[in-house]
Amino acid sequence: MLSVLRVHLPSDIPIVGCELTPYVLLRRPDKTVTTDDVPELAPLDGHFLRYKWYRVQSDRKVAVCSVHPSEQATLQCLGCVKAKIPAAKSYHCSPKCFSDAWQHHRVLHDRAASAVNENGNEEEEIFGRFNSSGSGVINASLTGSASSTSLTNGSTPLYPAAVTQRSGGETWFEVGHSKTYTPTADDIGHVLKFECVVVDAETKLPLGHPNTILTSRVIPAPSPSPRRLIPVSGADMMGHLDSDGRISTSGTFTVLSYNILSDSYASNELYSYCPSWALSWTYRRQNLLREIVGYRADIVCLQEVQSDHFEEFFAPELDKHGYQALYKRKTNEVYNGNIYTIDGCATFFRRDRFSHVKKYEVEFNKAAQSLTEVAVQTTQKKAALNRLVKDNVALIVVLEAKFSNQGADNPGKRQLLCVANTHVNVQQELKDVKIWQVHTLLKGLEKIAASADIPMLVCGDFNSVPGSAPHSLLAMGKVDPLHPDLLVDPLAILRPHTKLTHQLPLVSAYSSFARGVALGFEHQRRRMDPTTNEPLFTNCTRDFIGTLDYIFYTADSLTVESLLELLDEDSLRKDTALPSPEWSSDHIALLAEFRCMPRPRR
């Protein structure tokens, strides 16, 4: 007979909007062991599994600590109540918790005070407005995606909960009847109970006792303070929200670049400081989606997107928000794992703002094959390929704008845009490989530029700090022949050093913070490195902090209008480092708003 051997949850801390899928181990009638489901529509030997989820509601109201969401709150900040800050952010589990968090907590008060400035209206943030439910969840978070799943916890939509038991001041409500359950805002602060029982397919009666597990209290999805868009073009106003809720002005567009941290790299060993529930993909994917959708960028360049996650999650979810998706998976000559978990670069664009013209795929492995055939001695070919073949790729997309470009020299001319999205090799000792990959990409972009007079964006994780040879090549158009990085060149692929040049007038978008004098720049300038004019960091782990990600643009055809504010290291260190419950990658997102400039006639 079918029997249940074991039931458990990967994480016992349930989060609003994050699907819970219990692990159910079964013994089949033939004595084999499996985790496959046995639904009522496909019974096994006359038996199937029935699932139920319950929420326990206590007569005593429970609040959750905003800093330690798995702990019950014991005090509330009255300053938050007066400032009408979402209630979920006002609770703390102890006086020490409140004291330790004060440096970061007071920022909420400062922002609330500055928000009620002009006309007494709350300031609109790029990341969306908080709802009034007190859960601290952002309205933009789960629109059209996880919100739909949170209302369907069974074969039928949300139904009136049935009271099944009441004792000792507690009432149990049935809230779901499928194997998976997605906690809702109504579950916050309550324990959930999962029940699994074998049922006779003919009589529909349960056989034996049900297997049950209890979760800890449901917590709201942690929501970081919204990041604002800071104007850099000399304007003294924040970008306004258009009718679609997007921050933009006529003739401008926004570009997001973000390494989202592939699940295959997000190990508990590497990121032991991040709670296991916050490191799980079921949690991170919803938090990442919430963040990405909240930025409302016109173009989104993501790195470290697993092939299966692109197909099953990001492409369909972002499609609901009006994005068309393009993807380039890494090659698999070095990688020997599951082909579906190989990561790659994904580029999305809003269908109402751009149309797709052309796509180019750059496989650095192929470029390595070509290079070794013509530039490496026969006896060194194998060693050369072993060094150069690293599976890295780039995705280049040519788009046509659907919006008008004010001030253009030829209003009837098509406005094209070339967007490159790449992830350069990570190994720090392979400095020659990094330079060669960046140089190869730039030479490809030069060919596109030669065939069409077109503005260009070069986005991605270059795994190269400011001042390194790859960064110099991108930002300066050349590399100093005496640069120490050039000493690492066992295959002589970087010689002569004079060939390490390009003619694209590339400038790093975030260097505008270092040059500008507008309102709000002082805070941002403190987060910039004055020697390199780049952010102090875009990657922050326990063992490393530095800048690896960039958005470069051609300065003769594009101008930066505004930039997404940078994060403060101290605010991230309260959770040790990234990723954290608030931010679900070890990198931070970069976003820039651009305007196309009239091109000089050639």
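**View A. In H5, Trp-281, Arg-285, Gln-286, Leu-289, Ile-292 and Val-293 meet His-309, Phe-313, Phe-314, Glu-317 and Leu-318 of H6.** Contact here means heavy atoms within 4.5 Å of each other. You're looking at a predicted model, where local features need a pLDDT of at least 70 and side-chain atom pairs count only at pLDDT 80 or more, while totals for chains, interfaces and linings use all residues. Residues are numbered from 1 along each chain as its sequence is written, and side-chain values use heavy atoms, with hydrogens and water left out. Helices (H or I, at least four residues) and strands (E, at least two) are DSSP runs, numbered from the N terminus. A packed pair of helices is described by the angle between the axes and the distance between them. For helix H5 (residues 281–295) and helix H6 (residues 307–319), the axes come within 11 Å and cross at roughly 35°. Axes are lines fitted to C-alpha atoms, for helices over the stretch in contact, and angles run from 0 to 180 degrees between N-to-C directions. The crossing of H5 and H6 is right-handed, a word used when the near helix is turned clockwise from the far one by less than a right angle, with left-handed for anticlockwise. What sorts of residues make up the contact of H5 with H6? They divide into seven nonpolar, two polar and two charged. Nonpolar covers Ala, Val, Leu, Ile, Met, Phe, Trp, Tyr, Cys and Pro, charged covers Asp, Glu, Lys and Arg, and the others, Gly among them, are polar.

**View B. The whole protein chain has 13 helices and 27 strands.** Confidence comes as pLDDT, the predictor's score for each residue, from 0 to 100. The chain averages a pLDDT of 86, and 85% of the residues score at least 70. Over residues 118–151, though, the pLDDT is below 50, and this stretch has 82 contacts in the model beyond near neighbours in sequence. Residues 155–161 also have a pLDDT below 50, with ten contacts in the model beyond near neighbours in sequence. Of the 602 residues, 53% count as buried. Buried means under 20% relative accessible area, exposed means over 50%, and partly exposed is in between (1.4 Å probe, protein chains only).

**View C. Three strands form an open antiparallel sheet in the order S1-S2-S3.** Strand S1 (3–8) and strand S3 (33–34) stand at the edges with a single partner strand each, so one side of each has no neighbour in the sheet. S1 and strand S2 (residues 23–27) pair over five bridges; two strands pair if DSSP finds at least two bridges between them. Look for Ser-3, which stands opposite Arg-27 in S2.

**View D. A second open sheet has six strands, S16-S17-S18-S19-S25-S20, with mixed pairing.** Which strands are at the edges? Strand S16 (354–363) and strand S20 (506–508), each pairing on one side only. Neighbouring strands in this sheet are turned by 20° against each other on average, direction ignored. Strand S18 (residues 416–423) and strand S19 (residues 456–461) pair in the parallel sense over six bridges, and Ala-420 has Val-458 in S19 as its bridge partner. Helix H9 (residues 431–451) lies across S16, strand S17 (393–401), S18, S19 and S20, running at about 160° to S19. Helix H10 (residues 469–476) lies across S19, S20 and strand S25 (549–554), at about 25° to S25.

**View E. Gln-324 sits in strand S14 (residues 323–329).** Is Gln-324 buried or partly exposed? Its relative accessibility is 27%, so Gln-324 counts as partly exposed. Not counting residues up to four places away in sequence, Gln-324 touches Thr-347, Phe-348, Phe-349, Arg-351 and His-356. The C-alpha atoms of Gln-324 and Thr-347 are separated by 8.4 Å, with the two residues 23 apart along the chain.

**View F. Some backbone angles in the loops deserve a close-up.** Most peptide bonds are trans, and most residues other than glycine have a negative phi. A cis peptide bond joins Arg-495 and Pro-496, with omega about -10°; Pro-496 is in the loop between H10 and S20. The bond from Leu-578 to Pro-579 is cis too, with omega near 0°, and Pro-579 is in the loop between helix H13 (569–573) and strand S27 (590–596). Asn-463, in the loop between S19 and H10, has a positive phi near 45° and is buried, with a relative accessible area of 6%. Asn-533 has a positive phi of about 60° and is found in the loop between strand S21 (528–529) and strand S22 (534–535). At 31% relative accessibility, Asn-533 counts as partly exposed.
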